[in-house]
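Please read these notes with the model open beside you. Each point covers one topic.

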Amino acid sequence: MSELLKITDLLIHFHNAAPERNAVDGISFSIDEGDILGLVGESGSGKTVTAMSLCGLLDVKQADLSGSILFQGKELVNCSEEFLLSLQGDEISVVFQEPMSSMNPVMKIGLQVEEALRVHTKLSKEERKARALQALADAELPNPEEVYNKYPHELSGGMLQRAMIAAAIINRPMLLLADEPTTALDVTIQAQIIKLLKKLNQENNMAILFISHNLHVVRQLCERVAVMQRGKLVEEGDVNEIFRNPQQEYTKNLIAAIPTREKRLS
Amino acid sequence: MKYVIKKVIALIITLLVVSFLAFLAFQIIPGDPTTRILGSEATPEMVAALREQMGLNRPMLLRYLDWLGNFVRGNYGTSFTYKVSVNSLLADKLPVTILLTALSFIITGVVAIPLGILAGSVKSKIIDKIVIIIDQIVMSVPAFFIGMIVCFLFGILFRLFVPGQFVPLETDWRACIAYLVFPAVSIAIPRIAMTVKMLRSSILNQLGQDYVRTARSRGNNRRQYLFKHVIRNAMIPVITFLAISLAEIMTGTIIIEQVFTIPGIGRLLISSIGTRDFPVVQAIVVLIAAWIVIVNFAADIINQVVDPRMRNR
């Protein structure tokens, strides 16, 4: 499998932070095509900032970015805005943590799902709608036609997150950034979303960077995991290996933080 | 349907309360319509006779119910001063005030909405600061003062119109509108400043919302996410504000009509309060109250169209 994303010595510093404190402090990792990498760490460890820098959502006015992010061999650090815009929603898409606030409250779900097509393709309205209905079905939403015409406040959190996933996959991206996509959902829905992501990964050969503070969830989905602490990558490897034999004290603590019943189940 | 019935009941209750309060106010404030009619030389006997004739000696509640009964039947009574029916007085003055209000509101909307969007989406910090400062200054100047400045600048210096020489609608509607544009602008200017400030902060607030980040993650450029996502959300509070503005512009005309000597409802109201011409005042007060309730009702409906979360309540 060929390498999709290669990050080398990525360093992100926010202007309003203390000089010695980097949000992301020289991390390197890579993701192959169709690969799933879990990125774990506590709040403030730099996971989300890393993901945002990968999809160009980091406000470059507020932060310095250095190092290298190669996506399909092309450099994303300090690239042109046009290049970023051409990737966003096309090659790279994102699923965020809070499905309710991540949706435009006054726009129909269907129009939000097909938005990436509106931006990146010249498909007609009818073609876009057909693709959106297909994507909603792929995200295992019952009655896609009905969901298409609903507004976000009319759906439950789990259904909304499925719709967000439908919106993210509609353009068949090579890389999906999933930023704590299950954190705001209850446990049974969490498991369904994980299953759905796994299915989409296998069917579409879509690589996933799965960000979570929950190692238990990561273990269900990912083959490889990288552990972040205070902006640094402290451990990386096969997820089962790390569970069996954590090298770092911090990783041990993260594993210890999983409720025992869940640990037994997994 | 249930919603409409609820609103109509609210309208009726509001009008009852407002008209009663206006009625009450006339009992409390000193002054008597009879002295205006008879003059200061009148003997107490003459006053008493006229009061009896006008029915002013009957209990207040009875008189209110009388008035209400007539009002419901569409008979607003007869003016004490002009000796003509209030209906015909209003029919005469109302079109001018409505025209002035409409002109002023249109100017406010047409100028403020694009300016507000511009102020909310401009990225330059310096321009933003300048806009805020100008906005703050303009906002705090009352409309009647702006009216005086407009009279001076455009009336006396540039001679674009003759202050005080109002052209009635029937004589020449074009000249009438051309005259009304100046008072309309005077009322609109502080309103524009307020609306711009409101829309600007609403847009800035919306720009920080999560859904904007989502829209950006789909490759929308700044113009696209502003116009496809942000502005519609940002307009929701502004619509309510514009509705309140529409109500306040109507009441604002009362003062501006004095400044520009326009024979509208406002001038009629002020002169009628002076002469204790109670039927006229009562009719105008109820009219303004009804206007405010109806405008708010309209704002509710528009908000429901724009914001699906407001529907089915």
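**Notes on the predicted model**

1. Where does B:Asn57 sit? Its place is the loop between α3 (44–54) and α4 (60–72) of chain B. Setting aside neighbours within four places in sequence, B:Asn57 is in contact with B:Arg51 and B:Glu52. B:Pro190 is another matter: 133 residues separate B:Asn57 and B:Pro190 in sequence, and their C-alpha atoms are 46 Å apart in space.

2. Now look at the backbone of chain A. A:Asp9 is not a glycine, yet its phi is positive, at about 50 degrees. A:Asp9 belongs to strand β1 (residues 3–14) of chain A. Is A:Asp9 buried or exposed? A:Asp9 counts as exposed, because it has 11 C-beta neighbours inside 10 Å.

3. A:Gln72 also deserves a check. A:Gln72 has a positive phi of about 50 degrees and is not a glycine. This residue lies in the loop between β4 (63–71) and β5 (74–75) of chain A. A:Gln72 is partly exposed, because 14 other C-beta atoms are within 10 Å.

4. Next, the interface. In chain A, 23 residues are in contact with 18 residues of chain B. Which elements of chain A give two or more residues to the side that touches chain B? They are α2 (81–87), β6 (92–95), α3 (99–102) and α5 (115–120). The largest share, four residues, comes from α5(A). By class, this side of chain A has eleven nonpolar, nine polar and three charged residues.

5. Turn to the interior. In soluble globular proteins, nonpolar side chains tend to be buried together. Here the largest nonpolar core has 130 residues. Those with the most contacts inside this core are A:Leu136, A:Ala163, A:Ala166, A:Leu177, A:Leu209 and A:Phe210. Which helix gives the most to this core? Helix α8 (residues 173–207) of chain B does, with 16 residues.

6. Pick out A:Leu209 and trace its contacts. Leaving aside neighbours within four places in sequence, A:Leu209 is in contact with A:Ile31, A:Leu37, A:Leu39, A:Ala51, A:Leu175, A:Leu177 and A:Ala178. There is also a second, separate core, of eleven residues. Among them are B:Leu89, B:Val280, B:Val281 and B:Ile284.

Definitions and conventions
Residues numbered from 1 in each chain as written. Chains lettered and ligands numbered in written order. Predicted model: local features only at pLDDT ≥ 70, side-chain atom pairs only at ≥ 80, totals over all residues. Contact = placed C-beta atoms within 7 Å. Buried ≥ 20, exposed ≤ 12 C-beta atoms within 10 Å, placed from the backbone. Nonpolar A, V, L, I, M, F, W, Y, C, P; charged D, E, K, R; others polar. Core = buried A, V, L, I, M, F, W, Y, C linked by C-beta atoms within 7 Å.
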